Protein chains: 2
Amino acid sequence: MYERIKGFRDFYPEEMRPRRAMTDQLEETARRYGFREVGTPALERTQLYADKSGEEITDELFHFTDQGGREVAMTPELTPTVARMVVAKQQELSKPIKWFSTRPFWRYEAVQQGRFREFYQTNVDIFGSAEPEADAEILAYCADALSGLGLEPEDFEFRVSHRDILGGLLESVSTDIDTHEAIRAVDKREKIADAEYYALLTETGLTRSQAEQFDALLSTDDLSELVEFAGTERVEAAVTNLENVLEAAADFGAREHCTISLETARGLDYYTGVVFECFDSTGEVSRSVFGGGRYDDLIEGFGGQPTPAVGVAPGHETLSLLLDRADARSAESFGTDYYVLSVGDTRSVAARIARDLRERSHIVETDLSDRSFGAQMNYADGVDAGTVVIVGERDLKNDEITVKDMESGEQMAVPVESFPGEYDRPTYDDLV
Amino acid sequence: MYERIKGFRDFYPEEMRPRRAMTDQLEETARRYGFREVGTPALERTQLYADKSGEEITDELFHFTDQGGREVAMTPELTPTVARMVVAKQQELSKPIKWFSTRPFWRYEAVQQGRFREFYQTNVDIFGSAEPEADAEILAYCADALSGLGLEPEDFEFRVSHRDILGGLLESVSTDIDTHEAIRAVDKREKIADAEYYALLTETGLTRSQAEQFDALLSTDDLSELVEFAGTERVEAAVTNLENVLEAAADFGAREHCTISLETARGLDYYTGVVFECFDSTGEVSRSVFGGGRYDDLIEGFGGQPTPAVGVAPGHETLSLLLDRADARSAESFGTDYYVLSVGDTRSVAARIARDLRERSHIVETDLSDRSFGAQMNYADGVDAGTVVIVGERDLKNDEITVKDMESGEQMAVPVESFPGEYDRPTYDDLV
């Protein structure tokens, strides 16, 4: 027996059904906002990631040299790929560019609850608008998608921050610090001990007292206090931008889900403006459910013209944990509409009925295993068939078939010629 | 600027739309037959393929050693994976098991028209029935899916053969030949010169005259001639099975698409019974569009209990070529239902209207770039918006908005409170 690879999963139909329903909802909501689907490759040049995130990122990648000698990596995220695509056709594409796609990604990481080496995301991005309405549309998309999945407003919150507030505050504390590393430290804040957090911050160039001063600022509720403390245009502009995004989010119906949380930093280096993470309000799912934000410099960094961008990527694994916690899963069955049961030499009639029903878009199964009446009834029951159409030799001699309602168990004979006849979806109740 | 990897593709929205429509049709048809979706990993142990197809198969794989020292390969096809999944849960799964899934696969091959290193398939399989009805259901599924895609019966044909007829005939010609290699030679018949074909056949152990005799048998129309020639139970049983499958296919509505074609062998070693390939009837698409067949021994070969199986895997690349050739592509646009245009200080009203329309499931875009009236009208035109709802400051002072039909260019003012109001999808014509 062959083994599956660690961190990779098989989804049998029972597990796949809720995942598919989740994907459909995430995509259908994106379509309503005018996002359009793109398709992207599973492999990219390893350099694409190493250039952006440093060579050490390759430790987390499934990467190798292909038969043609290319250094390639299984894509760990979508953003660099869509950035490459925007750069490749930036003259032709009219702005704003609004794209979505659902796919697996791969990272060689420690496997834990809600984290696998193969994981799925629906990426939703807007390129070409620097306006707060674009950030707000991403937040509104998320709120609508989560509501569509059956979550209530009290189930989740978006913790919103701004990279330039963090960067600007650090700059005003000391000009000689490694801002990227300091922001990474903030991103880890909740997962590590205080001592380790302060150690990370002082490594970036802050003194211990500067680090404490900086940390105290992060928990303020009053953004004007930050502007005053920093006294720089940078922080003032960032605070204004964050306020404008939240105001647009109010118009777009997403403000109620947002809380300002400067501790929310997002680990990835390429974010530039507003960033946010979705959390389980109850804290039962302790990790961030998903996150997103603005990355205005990435396209230019990839050799394109300056193109502001903002996006989000709901991860299906953590989102599943939240849906389970909130008991927001629909209990829908596979919904087999009909089982057409054939006994004796009746296959051609049974097949005709099955075809007629399928042409009306119903889900229809028939016997493929030459089974007995009882075995077929068991199978029909197992696939949750709503109605069983019994095509038997004796009935057929009278030009009849039997229609059985599986919930009530009631059944009746009907003329074979009139089934399904004029009915779009004939059930036992229609025929009585 | 970063380059895409050879044989891998980006699909921009214009290319993705018809591909998505094709995927939806292939999957929707599978659902109507009661097939259920499964999800499968992108990596498997390289051994899974080497054991089944020989070490040389690894030349065609994207394979590597992962950070944990595992020999892994990017899946080149689905069948070994679903076989592994059936074996892993064979006690729990009730038979017949009917699964489908759509995914990319990867092979390191020469790139040519309709062949890429990353390619997409919708796999549809039945496990647990040896009856001809299972083979016929796969053929009927294919016929229904192709019709659903807009193809006419005269656009395609299924060339149907039987592995045991080929194997049995070879056996009756000579007991000392390499049957697998001989069948591979038959599979290549149409792509190679006669001399090369006969060279391949003689390498398998046939004499030149035996090879010619065998080849002549393949083009017969009369299956009973084959039974008579071979005089073995094996060939007789295979011919009977092929006839039974075609008879079931007649009941299931797929017989008209089938022609018997013993030259159709399918390259893969694991096939055992009926095999078939779909071809463009006009021959304009010269390669096989897709193929499938019975593989009764694979599950047992993977360490499971004997479990008959039959399946098909329409490949999206060659199927796209056929749809293009037959001009069967729907010309549908992205179908933006509304563009809500906001000028002046009207964002909150425009946003309220956009939300109301999206709640009614419409595709709605609004301004994200703080653009002028003219620029927004251009954008609305570019995204094929059916209706533009203009929310302007002056109109709003009169509690009005303007609804503009983009096809006729006609427009009228309507009270803002009554839009969208009771209408499910208000257009200019509803409001006049």
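**Notebook: a predicted model of chains A and B**

I started at Ile5(B), which is found in the segment before helix α1 (13-32) of chain B. I keep in mind that this is a predicted model.

Is Ile5(B) buried or exposed, or in between? I found 18 C-beta neighbours inside 10 Å, so Ile5(B) counts as partly exposed. Next I looked up its contacts, leaving aside neighbours within four places in sequence. Ile5(B) is in contact with Pro41(A), Leu43(A), Glu44(A), Arg45(A), Arg70(A) and Val72(A). I also checked Arg117(B). Ile5(B) and Arg117(B) are 112 residues apart in sequence. Their C-alpha atoms are 9.3 Å apart in space.

**The sheet in chain A**

Those contacts took me to chain A. I looked up the sheet there. In which order do its strands lie? The three strands form an open sheet in the order β2-β4-β3 of chain A, with antiparallel pairing. The edge strands are β2 (43-45) and β3 (63-65) of chain A, and each pairs on one side only.

Then I took one pairing by itself. β3(A) and strand β4 (residues 71-74) of chain A pair in the antiparallel sense over three bridges. Phe64(A) stands opposite Val72(A) in β4(A).

**Where the chains meet**

I moved on to the whole interface. I counted 74 residues of chain A in contact with 74 residues of chain B. Which element of chain A gives the largest share of its side? Helix α1 (residues 13-32) of chain A does, with six residues. By class, this side of chain A has 32 nonpolar, 14 polar and 28 charged residues.

**Cores**

I looked up the largest nonpolar core and found 104 residues in it. Val340(A), Val389(A), Leu139(B) and Cys142(B) have the most contacts inside it. Helix α4 (residues 132-148) of chain B gives the most to this core, with 10 residues. Leu139(B) is in contact with Phe158(B), Ala249(B), Ala254(B), Cys258(B) and Phe276(B).

There is a second, separate core of 103 residues. I noted Ile126(A), Ile165(A), Leu341(B) and Val414(B) in it.

**Helix α5 in both chains**

In chain A I picked Arg163(A), which lies in helix α5 (residues 163-173). Why does Arg163(A) count as buried? It has 23 other C-beta atoms within 10 Å, and 20 or more make a residue buried. Arg163(A) touches Tyr271(A), Thr272(A), Gly273(A) and Val275(A), not counting residues up to four places away in sequence. I also checked Asp221(A), 58 residues from Arg163(A) along the chain. The C-alpha atoms of the two are separated by 17 Å.

In chain B I looked at α5 (residues 163-173) as a whole. How many of its 11 residues are buried? Eight are, and the helix is mostly covered. Among them are Arg163(B), Asp164(B) and Ile165(B). What covers the buried residues of α5(B) includes β7 (156-162), α6 (179-188) and β9 (274-280) of chain B.

**Confidence**

Last, I checked the scores. The mean pLDDT of chain A is 92, and 99% of its residues reach 70 or more. The model scores ipTM 0.92 and pTM 0.92.

Terms used
Residues numbered from 1 in each chain as written. Chains lettered and ligands numbered in written order. Predicted model: local features only at pLDDT ≥ 70, side-chain atom pairs only at ≥ 80, totals over all residues. Pairing = 2+ DSSP bridges. Helix = DSSP H or I, 4+ residues; strand = E, 2+ residues; numbered from the N terminus. Buried ≥ 20, exposed ≤ 12 C-beta atoms within 10 Å, placed from the backbone. Contact = placed C-beta atoms within 7 Å. Nonpolar A, V, L, I, M, F, W, Y, C, P; charged D, E, K, R; others polar. pLDDT = per-residue confidence, 0-100. Core = buried A, V, L, I, M, F, W, Y, C linked by C-beta atoms within 7 Å.
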